[in-house]
Amino acid sequence: MATTMGRRERKKAQTRRALSDAALRLFAEHGYDGVTVAQIADEADVSIATLFAHVPDGKEALIFDDGAERHVWLVAAIHDRPSGQSVLEALRRCLAGRGPFTEDLPPDLRRKRDLIVGTPALREYSRKLWIASEGALAEAIAMESGRDPADMTVRALARYVLEIPELAGTEADPLAAMHAIFDLLESGWPESPTDT
């Protein structure tokens with residue numbers, strides 16, 4: 001029985017990967033708006049029903065994972081940070097090595113990142129995945145700071161951090177923009193520009 005389940009899960013993963021690869025190829029060739037779900041299904045050699053069975057959110061979701069891994073590495077960045085490192089510094093370092101903030105990506109991931117950053121619908125879907133980590137991130141921040149996860153300041157900090165990729169990711173220098181936001185979160189809002 002376990003072998004059958006393993007085979008089924010492998011088949012699902014292969015189909016999901018084929019759909020993702022097909023979507024990326026077509027988006028790169030024709031632009032996101034120039035590609036239909038039917039074209040992606042055809043390119044991956046599956047039916048439209050199969051496509052939606054694997055990706056019910058539609059074509060925006062085709063090139064993303066479900067976001068579960070994001071929860072894991074955000075929480076790990078906080079819990080596994082070196083002694084003496086602040087929660088915000090741990091999150092800053094974590095984000096600096098991901099998505100729009102790093103140039104240290106293999107070419108295939110760089111193309112995917114550039115497609116996401118350059119496509120409003122994909123950026124918005126990416127933002128939804130980031131925001132879905134708010135509860136897990138708030139719990140980790142609360143645990144490390146001795147506060148209640150329902151505390152508005154904890155929830156606000158989690159939300160602010162999770163908005164950084166969307167806010168800074170399209171800037172001319174995304175990494176510098178990300179650092180400017182973390183600097184603000186760490187120091188607070190100065191009364192005037194000369195107070196910095």
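The side chains of T153 and D151 are joined by a polar contact of 2.7 Å. A polar contact is a pair of N or O atoms within 3.5 Å; within protein, one must be able to donate a hydrogen and the other to accept it, and residues adjacent in sequence count only if both atoms are side-chain atoms. The model is predicted, so local features need pLDDT of at least 70 and side-chain atom pairs count only at pLDDT 80 or more, while totals for chains, interfaces and linings use all residues. Residues are numbered from 1 along each chain as its sequence is written, and side-chain values use heavy atoms, with hydrogens and water left out.

T153 belongs to helix α9 (residues 152-168). Helices here are DSSP runs of H or I with at least four residues, numbered from the N terminus. T153 counts as partly exposed because its relative accessibility is 45%; buried means under 20% relative accessible area, exposed over 50%, and partly exposed in between (1.4 Å probe, protein chains only). From T153 to L167 there are 14 residues in sequence and 20 Å in space, C-alpha to C-alpha.

Three aromatic pairs are found in the whole structure. The pair of W73 and W130 is edge-to-face, because the ring centres are 5.7 Å apart and the planes are at 80 degrees. Rings of Phe, Tyr and Trp (its six-membered ring) pair if their centres lie within 6.5 Å; planes under 30 degrees apart count as stacked, over 60 as edge-to-face and the rest as tilted. W73 lies in helix α4 (residues 68-79) and W130 in helix α7 (residues 120-131), so the pair links distant parts of the chain, 57 residues apart. W73 is buried at 15% relative accessibility, and W130 is buried at 9%.

Two charges sit over rings, meaning that NZ of Lys or CZ of Arg is within 6 Å of the ring centre and within 35 degrees of the ring normal.

| Charged residue | Ring | Distance to ring centre |
|---|---|---|
| K59 | Y32 | 4.3 Å |
| R98 | W73 | 3.6 Å |

The largest nonpolar core has 28 residues, of which L91, L95, L137, I141, V161, I164 and F182 touch the most other members. Such a core is a set of buried Ala, Val, Leu, Ile, Met, Phe, Trp, Tyr and Cys residues joined through side-chain atoms within 4.5 Å. Helix α9 gives the largest share of this core, seven residues. Beyond its neighbours within four places in sequence, F182 is in contact (heavy atoms within 4.5 Å) with L88, L91, R92, L95, V161 and I164.

Note on methods
Helix = DSSP H or I, 4+ residues; strand = E, 2+ residues; numbered from the N terminus.
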